[in-house]
Each structure stands twice: as C-alpha cells, then as structure tokens.
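Me: I have a model open here and would like to go through it piece by piece. Could you take my questions as they come?

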Amino acid sequence: MAAALNLGRMTLPSSKFLSRPSHLLSVKMQMQMQMQFSSPTLTKMSTDAQSVASKLDSSGLLRTQGLIGGKWSDAYDGKTIKVYNPATGESIVDVACMGGRETNDAISAAYDAYGSWSKITAAERSKFLRKWFDLLMVHKEELAQLITLEQGKPLKESIGEINYGAAFIEFSAEEAKRIYGDIIPSPLSDRRLFVLKQPVGVVGAITPWNFPLAMITRKVGPALACGCTVVIKPSELTPLTALAAAELSIQAGIPAGVVNVVMGDAPDIGNSLLASPQVRKITFTGSTAVGKKLMAGSADTVKKVSLELGGNAPCIVFDDADLDVAVKGTIAAKFRNSGQTCVCANRIIVQEGIYDKFANALCDAIQNMKVGDGFSEGVVQGPLINEAAVKKVESLIHDATSKGAKVILGGKRHSLGFTFYEPTVISDVDSEMRISREEAFGPVAPLLRFKTEEDAIRIANDTNAGLGSYVFTNSIQRSWRVAEALEYGLVGINEGVISTEVAPFGGVKESGLGREGSKYGLDEYLEMKYVCLRNMNKE
Ligand code: ADP
C-alpha cells in the first residue's frame, strides 16, 4: 500500500451524469431538479482505496448524506461520523451523523408517501422494483467495490452479495403481483366473507454491517412490494452501500419518501422509530441484545416486529459423511465473510470415528486460504470489521485453551496487522466453554467430539439460539431424522451455503421472529383484514 494521501474536498462535476448509460439520463435529470448534492470529503486514503472511492464518487454512488423525503440531507446540527476501511484502518469519508429529529422527519416523509404508494397498483410497484433491480445489476461492480471498501470482504464475495441482495428486489417485484386475498365459504346464506391483505404501513428497518446491501434489500424489497414505505437505518460502520442503493432507488423512479435513510446515533434513531405511532413495523437484523430492546420498545405502540438475531450454528459431521464434501461445506459455512455471519458454523460437532481425519483435512484446506485486503487477487479472507471483533475472538480462544482446548491451526493475529486474523482451528472443545455458548463471529472453527446421533442432537440443541445448522452425512434416513430433531429455522444437509431469496430465512428460540425471503417473507409486511358483507342480495 502506498502512503496515506489526503485528497481534501472533492467536487462532483456537473457533467458526471453524461458518463451514465443513456437510458438513465431522463430519470436522473428529473431528479437533478429536486435534489441537493454534496461533495464527499475523502480523507487519508491509500492509493488502491482512493482510486476505488474516486471512481464511485464520479459515478454518483458515493453519497454521504441521509435521504429524507427524496432530498439528501446533512445532520441538522452538522455532525458527521467517519466510515473506515477495515483493511487499512483508514477513514474513507465522513457521513451525516443523524438522530431523533431527522428520524422523525423521515418517518413523516414515509407516512406522507405511504398514502399514494400503498394505493398504486401492484403492477406499478412491481415495475419500480424491477427497475431498481436492473440498476443494481448495472452498477454491480461499483457496489461490490463499495462493500469491500467499507466492510472488508473479498471482492468476489462482495459481487456475490450484490447478486444475492439484488435478487430480493427482483423476487419482490415478481411477488408484488401475487399478494392474494381469500374468500371464505360463509356459514350464513346472506353473507359473504373476504380476507384482504393490506400493507402494514410505515416500516423501520434497522440493519447490521456484515451484509451492507443484502440485509437492506431483504427487508425493503418485500416491504415496498406490499405497499409499505420505509425508514432504513443502516449500520454506522457500513452506511455507504445503503446510501448508494438508495440513490439507485431514486434513479429507478421510486417516489420521494418511499425509501428514506438515516444513520448516526443508533439509540436515538431507534427510540424515535419505536416511539412513533406512525411506524407500524420494526424489522431488525443484528445482535440478540439490541433485538430484545427493540421488541420491548415496540410494545408501547404494539408494532409488528420481525427479528433476525444471533445464531450459534452447529455443523454436525457424521462418520458416514463424504470427507471432501464435509470439509468444503464446513469451510463455506464457517469462513465466509471471515466468519462474520449469523449463520456461520459456530460449533463443528464431529463424530469420533472421523474426528482426526476431518481435523487434518480441514487444517490442510484452510492452510491454503489467502488472507488479505479484499481488493487483492486471490484473497478469500478479509479483515474483521474492527478491533472489538478481534478482541472477542482472542478472548474466546483464550477461555477455550485455558480449559483444555488446543489450537491446531492459526490462533493469533495475522502478520498483516490491523484486524486481520489467522484462519484458526481448535480441537478438544466442549459445550461448557464460552466459544460453544457465544457467537465467535470470526474465523475460528472449534471442534467438538460426539459418539452417537442422540449425543449430536443434544449438543446441537443445547443453546438459546436456533438459526442456521448444518449436517454432513450420506444416510438419507439420518438426514431426515436429524433435520426434524434440530431446533433451528434453517438446516443445510451436505451444504454449507443455503441462503436464497426464494426460501424462508429466520430463526427459532432467541434467534428471532419471522422469516425473510420467499413468498412467506411478504406476510411480515401485510395485515389481514376480514370483511363480512351482509344482505348481499338486497339493494
Ligand atoms: P452488531 O453487533 O452486528 O453490530 P448490533 O445489534 O449492535 O449488532 O447492530 C445492528 C444494528 O442495530 C446497527 O444498525 C446498529 O447501529 C443498530 N443499533 C444498535 N443499538 C441500537 C439501539 N439501541 N436502537 C436501535 N438500533 C440500534
């Protein structure tokens, strides 16, 4: 990396729209009349990151203000916060640091827009969503670079996230046209009974940093399809992708106020969303602790709540598993995004007959994983999000080794420095160690040993969490038995990556409420209204 450069204030050239595909110009030019642009201040960037940020800036996708009622806005008191590149520790840009006042205005804008957005036809909403999806695809490369820049995951994984994240918008565009009601056979001859599905209203969507695009589209896609409007609060660690996606929603012609974005003081923003009677739904992905607060805070105004919280995913490898499939699947489930997903395998529970062979094969495969800046060729593991994340991994490993576990690969910070951590495997872990009870959210694979299928199920279910789980076996009978016995919302059998927009994603126990994706995901944004029509034969 070259020495840090201070670029100072960059200006957005007025001709920047000319570099866009011509089919975007008309929508963009209309928006130009309404919108106020500000020039991001890119600070202290190494040359690699600088060229990425400059390219993003000139394509109009590096936004730093919140979006309220179709207008880009600074924080009312002018406060800003820095967004950092976790691979270098350098600050990328300052973004608006908003709070309750801006959130209240965003809620009012969403409430005003709800009147018309909920009344246009499903086919019209579908077209807007489709256009948004198309624009996300047109800008796939730039958006992926933005994710790598602010979140750190390897560029290839970022591209995967854009494909995955955009797919929720495409799927929602399709499903918007299939939100059916019902007619119930009446018990009385002069009455007719109907069920209407109607949008729940204004939605507050609070999202984490590990999937800066997908966690947003997974919520906003179905919300908009159903006729809801949204106030999004992305993580302060990764707001840039959310803002770029919001910019593309404007370019797609989605009317002002339908999509709003505020970021800054999380509790202040959260409290405003909770207090407002106009916000009828909170949808959240993040820690269990914050999710519980939001659930409790929703009680006063009795909001509908969807929560996608922490996991503690077991990955069970039976003696009869295909070793190669089990190793590949475990690596995909464990080391994706440097272990920073709520469905990452947290406990690798291995049957005694295959334990040593599996441990050796896993270490051999992981040894070849290249760690580094997500922009570098061949890198498969980026940095952790921040110093606190590394400290948590260190403390869990320390706790485990002090109680008898053994580090058999890695086990320390990577020589690259910053928040890079070596891919790590620990053997002889047991269920009482903290690493078995808490989400590591890092590149550490703890191996636990079991004897029988009953043991495996008992160990796997011995947790308050219940989101992702994985099973490796070649027995079809065992697959069914274990899948049914696992107290989890998601089960992958001989597969480590199972998330898709067409299937319902969500947890049981303290991992959350509700499902995202699939036809079921739309129900989270709908109310059922029962209508009874009497005397239907009289005028
Ligand atoms: P993580 O550990 O993944 O960052 P958090 O639950 O802390 O999980 O954060 C997830 C999202 O919740 C982020 O957007 C964060 O800013 C937001 N958040 C954190 N605390 C609160 C709060 N008190 N009210 C509302 N949102 C919050």
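Me: Is C315 buried or exposed?
Reply: C315 counts as buried, because its relative accessibility is 0%, where buried means under 20% relative accessible area, exposed over 50% and partly exposed in between, with a 1.4 Å probe and protein chains only. This is a predicted model, in which local features need pLDDT of at least 70 and side-chain atom pairs count only at pLDDT 80 or more, while totals for chains, interfaces and linings use all residues. Residues are numbered from 1 along each chain as its sequence is written, and side-chain values use heavy atoms, leaving out hydrogens and water.

Me: And how many disulfides are there?
Reply: The count is 0 disulfides, a disulfide being a pair of cysteine sulfur atoms within 2.5 Å. For C315, the nearest cysteine sulfur belongs to C344 and is 11 Å away.

Me: What about C532, how accessible is that one?
Reply: C532 is partly exposed, at a relative accessible area of 40%.

Me: Switching to the sheet, what is the strand order?
Reply: The order is β14-β15-β16-β13-β12-β17-β18 in an open sheet of 7 strands with mixed pairing; strands (E, at least two residues) and helices (H or I, at least four) are DSSP runs numbered from the N terminus, and two strands pair if DSSP finds at least two bridges between them. At the edges are β14 (406–409) and β18 (490–493), each of which pairs on one side only.

Me: How do β12 and β17 pair?
Reply: β12 (residues 313–317) and β17 (residues 468–472) pair in the parallel sense over 3 bridges, and V317 has F472 of β17 as its bridge partner.

Me: Now the helices: at what angle do α4 and α7 cross?
Reply: The axes of α4 (residues 122–138) and α7 (residues 214–226) cross at roughly 155° and come within 9 Å, where axes are lines fitted to C-alpha atoms, for helices over the stretch in contact, and angles run from 0 to 180 degrees between N-to-C directions. The two helices are therefore roughly antiparallel, the class for angles over 145 degrees.

Me: Which residues make that contact?
Reply: R125, L129 and W132 of α4 meet V220, G221, L224, A225 and C226 of α7, with contact meaning heavy atoms within 4.5 Å.

Me: Last topic, what is the phi of N337, and where does it sit?
Reply: N337 has a positive phi of about 55° although it is not a glycine, and its place is in the loop between α11 (323–335) and β13. N337 is buried, at a relative accessible area of 1%.

Methods
Angles under 35 degrees count as roughly parallel, over 145 as roughly antiparallel, 65 to 115 as roughly perpendicular and the rest as oblique.
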